[in-house]
Amino acid sequence: MDMQPEANTKLSQARLQLPSPGCPAYPMSRQELAEAVNAWQWNTHQVEDRLDERDIGRLELGKTRWPGRLRRDAFRAVLGATTDADLGFYRNRRTPATAQTQNRELGSQAAESATTEAGRSLRAERDEQALADSVSQPGVFTLSADGTSGEPKPDRVALQMQLDGKEVVVPLSRRLLLQAGLGSFMEAFALGQQFDMLHETVMGRRQADRLVVTSSAHLREIAAHLREQWHALVRTDNLLGPRFALAGVLNQIAVVEALRSVLRDEQRLEIVRLGGQYAESAAWLFEDAGNMAQARYWTSRAMEWAYEGDDKRLLAWTIFRRSQQAAATPDAAQVIGLAQAARRNEEQLAKPTRAAIRVQQAYGHALDGDEQTSQHLLDEAHAWAASDIAGDARDGHGSYCTPSYIEIQRANCWLTIGKPKQAIALYEEGLRTLPVVYQRNRAAALSRLAVAYVADGQLEQAARTAHAALPVARSAGSRRIVAEINGVGATLALHRSLDGVAPLFDDLGSEDM
């Protein structure tokens, strides 16, 4: 019988010595450590990684002892360690009895090393080979303004897959597919959508590849349609979550990509600006779905298109989104600095955008322990608060930033500073007045309220609140919220025998833990 690996207590103790970014009264969770390590690699080397709590669990249980070089660098930076040995990292010494098992483990670690430049090249080669093995060149037509079509291009491939016994063929750009990674594309449709939704997206991509523009008037109608679809998809996200909005956003991006390749001058700029809006939406949906690598990728695309299209409002919003992503590290200085950068020339910004940026800056000051500045910024935000009860962002980016949302964020700041009692009262009041369309925001507020109840010692109330948020988070495909609910469950593990706590654990399945 193989011996169980020795737990890496040095790593787990180093993690537990750091405060949780969301609730400093509690130690950093495995998921929070994973997100911080991913963020450090991106901020330092622009390397996308996808560590999650399961990977941290394998490291802490000793199943993996020697992560890749960049990951080790990130762990040392995040946890404040000087050497790999300080975190219990070392190369395994193999014995004949364990050589076969450890060879498999080293093979897994080699796959994980795709975060290095050499690893990324290897991953691209592997994806290229996978494409060569599984796809064929489709008859893809190129777009032209006068409706003519060209011959199939070598940079197009067809991805064939079986879903519910049906064969689906998806025409894709080889360059974009390899840039994002084959796995990333599949993750876009791994949020639980049924076949019909995926098939709709497939057909949309085919139509985009064969898109014909017959006149300037036709192009104006397409642009108007894209604008209306964006508002509809924002509302879909608020009502139902990324599970139901992501496919539609990617579908419209395919239309934008087809148009921008042939349009020029002012016509192109209008489409580029619309593409920036959709790219930013894709970034948010991927982030909510728990895919931070794709979230950063699409934020970068949105920033690029905003700059190309001279869209100062969208450019400020993408910087604001970078500030939100920096909060996962958590790097208070960067959160504050990016929020301040987003406020430059703020007289050009929509009122809800100005409110949302102030709320984000307030959270940065809360991370920094500056209660007074944080509260002052939240008070200021109310002067620009939105009144959007439709949830379709007609008033511009940040239209979700209603008075009740601002007060819920004030509760987040109180919780971050370590005052859960003040936070609880604000969460409860904010939830009562939050417009009904913001269902995912409601689930997020409930999960944060559960964290506040834990911090205040109200364990059974915390479990009931987290349990109420769980079905909405699952339905929406919000792995971000589900991960926070899992954190509440982990904190309550020792109290699962309590009558008010047991139902939460009964409902937390293995797919959530």
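Helix 12 crosses helix 14 with a left-handed sense. The model described here is predicted.

**Helix 12 and helix 14.** Helix 12 covers residues 265-288, and helix 14 covers residues 312-326. The two pack at an angle of about 15°. Their axes lie 11 Å apart. Angles under 35 degrees count as roughly parallel, so helix 12 is roughly parallel to helix 14. Helix 12 brings Arg 273, Gly 276, Gln 277, Glu 280, Ala 283, Trp 284 and Glu 287 to the contact. Helix 14 answers with Leu 314, Trp 317, Arg 321 and Gln 325. By type, the residues of this contact are four nonpolar, three polar and four charged.

**Helix 18 and helix 20.** A second pair is formed by helix 18, residues 403-417, and helix 20. Their axes come within 11 Å and cross at roughly 30°. That angle makes helix 18 roughly parallel to helix 20. The crossing of helix 18 and helix 20 is left-handed. From helix 18, the contact uses Tyr 405, Ile 408, Asn 412 and Leu 415. From helix 20 come Asn 441, Ala 445, Arg 448, Val 451, Ala 452 and Ala 455. This contact divides into seven nonpolar residues, two polar and one charged.

The table sets out the two pairs.

| Helix pair | Angle | Axis distance |
|---|---|---|
| Helix 12 and helix 14 | about 15° | 11 Å apart |
| Helix 18 and helix 20 | roughly 30° | within 11 Å |

**Ser 447.** Helix 20 spans residues 439-455 and holds Ser 447. Is Ser 447 buried or exposed? Its relative accessibility is 1%, so Ser 447 counts as buried. A polar atom of the Ser 447 side chain lies 2.7 Å from the backbone oxygen of Ala 444. Beyond its neighbours within four places in sequence, Ser 447 is in contact with Ala 469, Ile 481, Glu 484, Ile 485 and Val 488.

**Phe 75.** Phe 75 sits in helix 4, residues 69-79. At 0% relative accessibility, Phe 75 counts as buried. Which residues does Phe 75 touch, not counting those up to four places away in sequence? They are Leu 11, Leu 33, Val 37, Leu 51, Ile 56, Leu 59, Gly 80, Leu 87 and Phe 89. Asn 38 is 37 residues from Phe 75 in sequence. In space, Phe 75 and Asn 38 are 9.5 Å apart, C-alpha to C-alpha.

Terms used:
Residues are numbered from 1 along each chain as its sequence is written. This is a predicted model: local features need pLDDT of at least 70, side-chain atom pairs count only at pLDDT 80 or more; totals for chains, interfaces and linings use all residues. Side-chain values use heavy atoms; hydrogens and water are left out. Axes are lines fitted to C-alpha atoms, for helices over the stretch in contact, and angles run from 0 to 180 degrees between N-to-C directions. Helices (H or I, at least four residues) and strands (E, at least two) are DSSP runs, numbered from the N terminus. Angles under 35 degrees count as roughly parallel, over 145 as roughly antiparallel, 65 to 115 as roughly perpendicular and the rest as oblique. A crossing is left-handed if the near helix is turned anticlockwise from the far one by less than a right angle, and right-handed if clockwise. Contact means heavy atoms within 4.5 Å. Ala, Val, Leu, Ile, Met, Phe, Trp, Tyr, Cys and Pro count as nonpolar, Asp, Glu, Lys and Arg as charged, and the others, Gly among them, as polar. Buried means under 20% relative accessible area, exposed over 50%, partly exposed in between (1.4 Å probe, protein chains only). A polar contact is a pair of N or O atoms within 3.5 Å; within protein, one must be able to donate a hydrogen and the other to accept it, and residues adjacent in sequence count only if both atoms are side-chain atoms.
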